[in-house]
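These are my notebook entries on one protein structure.

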Amino acid sequence: MTNRYWVASFVVFSCLVGILDASAGDADPRYRACVRTCEATGCVGQRCFPHCNFSADGAIDGPWYTQEPLYLQWKQWDCQSDCRYYCMVNREKERDALGDRPAKYHGKWPFKRVYGIQEPASVAFSALNLAMHFHGWLSFFILLYYKLPLKQNKKPYYEFSTLWHIYELLSLNSWFWSAVFHSRDVDLTEKLDYSSAVALLGYSLILAILRTLNVRDEAARVMVAAPLLAFVITHILYLNFYKLDYGWNMKVCVVMGVAQLLIWAIWAGMTRHPSRRKLWVVVFGGGLAMLLEIYDFPPYYGFLDAHSLWHATTVPLTYIWWSFIRDDAEFQTTNILKKGRP
């Protein structure tokens with residue numbers, strides 16, 4: 001649940017970034033004039049860019065041997081990107097000298113690049129979340145197959161193990177594309193990030209329903225999952241092939257995120273599960289972490305903003321969440337063996 005409650009929040013506020021693409025910084029006449037001059041001359045002040053022999057849409061303005069190297073094309077360091085970045089850097093230096101607050105450009109705060117990475121702190125924390133998920137799943141796998149008793153067919157007694165394995169794959173995929181998206185925000189990485197986040201969010205809602213209601217029968221599971229899966233798949237196709245509608249996507253994410261949060265919170269309040277306190281920590285910790293998204297502020301030293309710190313808070317919460325999942329597997333297995341079920 002938790003990490004896709006985090007993803008719900010992440011998608012919601014990413015959507016807001018998309019809506020606010022026209023920001024105060026890029027509306028600044030001096031910034032716009034700088035970008036126009038750079039795209040015409042290939043220079044910002046004394047800094048010039050050889051790959052400005054190319055137009056912003058990738059058309060070649062010179063012979064083949066002047067084409068950008070593949071590694072530059074892959075990183076999308078095109079003329080427009082460099083012009084925007086260095087014009088932003090220069091304009092922010094001017095604003096700072098005047099004592100003005102940093103402004104957003106194209107929906108984003110003025111971050112400092114590190115080896116071409118747009119938001120290095122968010123990338124690092126996304127990678128840490130990915131690593132924490134893998135660590136949590138690996139410890140869950142070892143518990144199931146090497147520490148807890150197994151059936152005669154070598155399968156675990158815990159009846160939700162396969163569902164958690166799928167959850168882990170979707171989590172790794174989502175945090176991977178989160179890191180890529182924060183490295184370089186282009187149309188492709190944006191769609192992959194949004195799609196993977198929505199997929200995990202929808203699946204985690206299904207998982208929350210199945211686990212809290214303790215649905216074991218396969219037919220019943222299909223009946224619960226089928227309509228939600230159909231909706232999620234349709235929504236992803238809509239975003240990718242029809243219209244990347246930020247407003248509609250925000251509503252979908254909020255509904256699915258709040259729904260699963262309430263499901264887990266209500267279940268934690270009603271169950272006698274021995275690890276319910278861990279679940280409460282995750283639920284309330286996630287709520288408090290959301291304050292970082294509400295209280296948006298410019299990046300300290302060009303690196304740490306509210307969103308990157310929010311990513312940081314999900315790292316320990318992910319550890320607690322997988323601890324709860326392991327405890328749940330042990331608790332369920334013990335109960336099944338006590339009842340003498342095969």
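**Entries on rings, bridges and the overall fold**

I looked up Tyr238 to begin with, and Tyr238 counts as partly exposed at 25% relative accessibility. The term covers values between the two cut-offs: buried is under 20% relative accessible area and exposed is over 50%, with a 1.4 Å probe and protein chains only. The model is predicted, so local features need pLDDT of at least 70 and side-chain atom pairs count only at pLDDT 80 or more, while totals for chains, interfaces and linings use all residues. Residues are numbered from 1 along each chain as its sequence is written, and side-chain values use heavy atoms, with hydrogens and water left out.

**Overall fold**

I noted 11 helices and 2 strands in the protein chain. These are DSSP runs numbered from the N terminus: helices are H or I with at least four residues, strands are E with at least two. From the N terminus on, I read the order of elements as α-α-β-β-α-α-α-α-α-α-α-α-α. The protein chain has 342 residues, and buried residues make up 47% of them. I also looked up contacts (heavy atoms within 4.5 Å). Among those with a separation of 6 or more, 74% join residues 24 or more positions apart.

**Disulfides**

How many disulfides does a search of the whole structure find? I recorded 3 disulfides, each being a pair of cysteine sulfur atoms within 2.5 Å. A disulfide is a covalent bond between the sulfur atoms of two cysteines.

I took Cys34 and Cys87, whose sulfur atoms are 2.0 Å apart. The torsion about their S-S bond is about -85°, so this disulfide is left-handed. Cys34 lies in helix H2 (residues 29-41) and Cys87 in helix H4 (residues 79-97), so the pair ties together parts that are 53 residues apart in sequence. Cys34 is partly exposed at 21% relative accessible area, whereas Cys87 is buried at 2%.

I then turned to Cys38 and Cys83, with sulfur atoms 1.9 Å apart. Here the torsion is about -75°, so the disulfide is left-handed. This pair links Cys38 in helix H2 to Cys83 in helix H4, 45 residues apart. Cys38 is buried at 0% relative accessibility, and Cys83 is buried at 0%.

Is the disulfide of Cys43 and Cys48 left-handed or right-handed? I found a torsion of about 100°, so the disulfide is right-handed. Its sulfur atoms are 1.9 Å apart. Cys43 is partly exposed at 21%, and Cys48 is partly exposed at 45%.

**Aromatic rings**

I counted 21 aromatic pairs in the structure. Rings of Phe, Tyr and Trp (its six-membered ring) pair if their centres lie within 6.5 Å; planes under 30 degrees apart count as stacked, over 60 as edge-to-face and the rest as tilted. One of the pairs is Phe141 with Tyr145, tilted, at 4.7 Å centre to centre and 35° between the planes. These two residues are 4 apart in helix H5 (residues 120-147), or about one helical turn. Phe141 is partly exposed at 28%, and Tyr145 is partly exposed at 25%.

I returned to Tyr238, which forms a tilted pair with Tyr242, at 5.3 Å centre to centre and 40° between the planes. Tyr242 counts as exposed at 65% relative accessibility. Finally, I noted a cluster linked by ring pairs, including Phe140, Trp164 and Trp321.
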